[in-house]
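Have a look at the model first, then we'll go through the pairs.

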Amino acid sequence: MAEMVLISVLMPVFNGEKYIAQAVESILDQTFTDFELILIDDGSRDGTLPILQSFAARDARIRLVSRENRGLVVSLNEMLQMAQGEFIARMDADDIALPDRFAWQVQFLREHPETVCLGGAFQLIDEADRLLATLSPPSSNDDIQQSILAGHGAICHPTAMMRRDALIKVGGYDAAYYPAEDVNLWLRLGEVGELANLESPVLKYRLHGNSISEQAGNKQREATRRACEAAWQRRNIEGVFMAGGAWRPGTDAASRHDYMIKYGWWAWSSRQRKTAAIYGCKAIRVRPLSMAGWRLLLVALIKPLSSVGRG
């Protein structure tokens, strides 16, 4: 029997060798140390397992399971059954938790017993750790619930810390709503308690082409719609689904170009001149005749950073 801890961190991994070391290190380096890190290697076919075994050999807080591939939702529910903690923290294998994340979240949950799920603001980074933007989702229960009922995420899944008893009460994760199992979970948790987000960033969320959100955007949106419709019926309300467009690029050139432009302007607004220029070049390579990429590149190269935020 594992020793009782306050937080159980659930981190499923599938073919995560590129970023997994950063993700695990960011958990082990938390200023709040009363946690266990549960890792399931879900049948990885790359070099993930030796990396995880190396971490597990030198830190007793890690509980590592390696087995055949069973999928994300099965893995999450399996880890939930293994968990000893009062609080359940989610973490993805390609993100980076900021050092005080657990300390801040535990303090908030102790001070707000009505809150069953707590996320936070987060920094968007790319595959090379370059900062693009800081996003701040709604922080109050009413605003979060309204947003989720309309189909918007409102709580970034790998920022979430939940009360284990509430998570078990609603039945854990439901595979029927994959790959929007998180939105479905927020909707159900919101029916047994309150939801909240910290206004300070707690995580660096990585955007890259191999993520589920980029590979299955249409499927994710349809699953989100079904989750909302089920929640409207449970709550006996008339809902309107508002999440019409994907928030990540598709595979076509036009979509990828438009998102390179978006990421570049985000970087510029975050005072990341070099990153903005890189994304201008990326956009130009995709659609060299479009003026949008050239404008982004020109601004990034010559416009003073002091003008950022002046419109």
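A salt bridge here is a side-chain nitrogen of Lys or Arg within 4 Å of a carboxyl oxygen of Asp or Glu. Go by that rule and you get 15 salt bridges. Keep in mind that this is a predicted model.

**Pairs that link separate parts of the chain**
- Arg63 and Glu36 meet through their side chains in a salt bridge, at 2.9 Å from N to O.
- Arg63 sits in strand E3 (residues 62-67) and Glu36 in strand E2 (residues 35-42), so this pair ties together parts 27 residues apart in sequence.
- As for cover, Glu36 is buried at 3% relative accessible area, while Arg63 is partly exposed at 22%.
- Glu86 and Arg110 also form a side-chain salt bridge, at 2.9 Å from N to O.
- That pair links distant parts of the chain, 24 residues apart: Glu86 is in the loop between helix H3 (72-82) and strand E4 (87-90), and Arg110 is in helix H4 (residues 101-111).
- Glu86 counts as partly exposed at 36% relative accessibility, and Arg110 is partly exposed too, at 45%.

**One more pair, and a network**
- Asp92 and Arg90 meet in a salt bridge at 2.6 Å, N to O.
- Arg90 counts as buried, with 1% relative accessibility.

**A negative patch**
- On the surface, Glu114, Asp142, Asp143 and Glu194 gather in a patch of negative charge.
- Glu194 belongs to strand E9 (residues 194-206) and counts as partly exposed at 35% relative accessibility.

Definitions and conventions: Residues numbered from 1 in each chain as written. Predicted model: local features only at pLDDT ≥ 70, side-chain atom pairs only at ≥ 80, totals over all residues. Heavy atoms only, no water. Patch = residues over 30% accessible without salt bridge, like charges linked within 9 Å, V, L, I, M, F, W, Y side chains within 5 Å. Areas by Shrake-Rupley, 256 points an atom, 1.4 Å probe, with all protein chains shown as cover. Lys, Arg positive; Asp, Glu negative; His and termini not counted. Charge placed at Lys NZ, Arg CZ, Asp CG, Glu CD. Helix = DSSP H or I, 4+ residues; strand = E, 2+ residues; numbered from the N terminus. Buried < 20%, exposed > 50% of the residue type's maximum accessible area, 1.4 Å probe, protein only.
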